[in-house]
Amino acid sequence: MNFEQAQTEEDFAKARNKAFFNEIQHLLSPEEASLISLNDVKQLIRPINETYLGMKVIPIDKIIGSEGRYKDFDNNFFPKSSHLRHRWEHVDEAAIKSITLPPIKVYEIDGLYFVRDGNHRVSVAKARGTEFIDAEVVTLQSEIKLKKPNNMNDIVKQIINYEKRLFYAETSFGDITDFWCLDFSRAGRYDVIYNHILTHKYFLNQQQKDEVSMEDAILSWFTKVYVPIISTIQKKKILKKFPKRTYSDLYVWIVRYWDDLKHKFGNNEIPIDLAVEDFTKKYKIPLYKRFINNFKRIVLRRAIELSDTTNEI
């Protein structure tokens, strides 16, 4: 074994260990250590146009995700599996020998970059502390402006904040209800709420001769539907059983579950209290179980890698 081979093996081992310990540190929230998927981002921000920008020199620390290899690397672009070793070490050896490799290919969104081709080159560059890299850039344009995130959760929060501002501005929900805490942990929920209000407005119109205004429908939905269900959730004290979720999250899930129960049993008189209790029993995942499941998954994968390495020796 020559010097370069020994160095690349050591470099990969260091990078792989960093990814392993990063996963261990995020046992209860593994998504925080995951590399951001471009496809997931595109589904959220719905880009309206793309433009070819050509060759550019881009900062490595602005590369935050990948189009197709987001499962192979962690959020710092360290390799999560030993099966990446051969290609990773080959790229690292080229870096050691100062061999120029082809530019990577990336998508750009608001100054943030997602790798289309060249994930191993980015991983090696990050591990070696390289600051800039040559890239062929295609930019995606969207109405939603993103600030640099640490993980997908940060992007989701930015999307949710955008959706909330839009929902409150377009419906005057806060002014009508004097309630400014309609918050969610997932994107797309404000559209669900808007549809709930429209459905409620439809049924109100069936009971009256004059058309119900949107303002009256919003206030009626809030006081007669949302608040009673939230009160039941609070009375049952179930929010603590669903970490990192909100009362409005539970409202959406429970209403959907309640409708499923009524359809399943052909009974529109099922009490909301019963639906809340049944939902909690069915979907609650204890904290210790999530910890153990994530720990087993990470350690088992690491054990298999070490076993494979031993067999190769």
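**Entry: basis.** I note that the model is predicted, that local features need pLDDT of at least 70 and side-chain atom pairs pLDDT 80 or more, while totals for chains, interfaces and linings use all residues. Residues are numbered from 1 along each chain as its sequence is written, and side-chain values use heavy atoms, with hydrogens and water left out.

**Entry: whole chain.** I recorded eleven helices and six strands; these are DSSP runs numbered from the N terminus, helices being H or I of at least four residues and strands E of at least two. Of the 313 residues, 42% count as buried (under 20% relative accessible area, with a 1.4 Å probe and protein chains only).

**Entry: the sheet.** I traced an open sheet of six strands in the order β1-β3-β5-β4-β6-β2, with mixed pairing; two strands pair if DSSP finds at least two bridges between them. The edge strands, β1 (36–37) and β2 (49–59), each pair on one side only. β1 and β3 are parallel over two bridges. β3 and β5 are also paired in the parallel sense, over three bridges, and Ile 63 has Tyr 113 in β5 as its bridge partner. By contrast, β4 (residues 104–109) and β5 (residues 112–117) run antiparallel and are joined by five bridges. There I found Tyr 107 opposite Phe 114 in β5. Helix α4 (residues 119–127) packs on the sheet and touches β3 (63–66), β4, β5 and β6 (132–141), a contact being heavy atoms within 4.5 Å. The direction of α4 makes about 130° with that of β5; axes are lines fitted to C-alpha atoms, for helices over the stretch in contact, and angles run from 0 to 180 degrees between N-to-C directions.

**Entry: helix α9.** I checked the span of α9 (residues 247–265): at 1.5 Å a residue its 19 residues should span 27 Å, and the end C-alpha atoms are 26 Å apart, which agrees. The expected span is 1.5 Å times one less than the number of residues. Buried residues of α9 include Trp 253, Tyr 257 and Trp 258. Gly 266 follows α9 and has a positive phi, near 60°.

Technical notes
Buried means under 20% relative accessible area, exposed over 50%, partly exposed in between (1.4 Å probe, protein chains only).
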